[in-house]
Amino acid sequence: VQLQASGGGLVQPGGSLRLSCAASGSIVSIDPMGWYRQAPGKERELVARITSGGSTNYADSVNGRFTISRDNAKKTWYLQMNSLKPEDTAVYYCTARVGTSLYAAMNYWGKGTQVTVSS
């Protein structure tokens, strides 16, 4: 199983970016899916999470600005980031609990994509 994140880059404050994470491999189920981020000198933190039922939760710092969504058919989930701030600068990691059989599931992480918010 592999998770491939993409969509990071350099954006000015107030701008937008959309991150994508695609899962591949021998996959039976993916639930939940999420995004974490890690800024220099800080611990990795949860940004957003979505369940198979569509329930979402967000970090307080991004609530109202970021939106997580998923496309089950494509085994892909997204993080739409609007009104970006310099403090959103971090490496963003996608993660998911992936079932590879009816009885086996574990957490996987993508390699991360850099998001830099700067003028």
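I began with the pair R37 and D88, whose side chains meet in a salt bridge at 2.9 Å, N to O, and I noted that this pair links distant parts of the chain, with R37 in strand β4 and D88 in the loop between β8 (76–81) and β9 (90–99), 51 residues apart. The model I am reading is a predicted one.

I then looked up accessibility for both partners: R37 has 6% relative accessibility and D88 has 0%, so each falls under the 20% cut-off and counts as buried.

Next I followed D88 to R65, where the side chains meet in a salt bridge at 2.8 Å, N to O. This pair also links distant parts of the chain, since I find R65 in the loop between β6 (56–58) and β7 (66–71), 23 residues apart from D88. Both R65 and D88 are buried.

From R37 I also traced a salt bridge to E45, at 2.7 Å, N to O, and I recorded E45 as partly exposed, at 33% relative accessibility. My search of the whole structure finds three salt bridges, and R37, E45, R65 and D88 are linked in a network.

Last, I checked the surface and found a nonpolar patch of about 450 Å² made by V28, L102 and Y103, with V28 placed in the loop between β3 (17–24) and β4 (29–38).

Key:
Residues numbered from 1 in each chain as written. Predicted model: local features only at pLDDT ≥ 70, side-chain atom pairs only at ≥ 80, totals over all residues. Heavy atoms only, no water. Patch = residues over 30% accessible without salt bridge, like charges linked within 9 Å, V, L, I, M, F, W, Y side chains within 5 Å. Areas by Shrake-Rupley, 256 points an atom, 1.4 Å probe, with all protein chains shown as cover. Salt bridge = Lys/Arg side-chain N within 4 Å of Asp/Glu carboxyl O. Helix = DSSP H or I, 4+ residues; strand = E, 2+ residues; numbered from the N terminus. Buried < 20%, exposed > 50% of the residue type's maximum accessible area, 1.4 Å probe, protein only.
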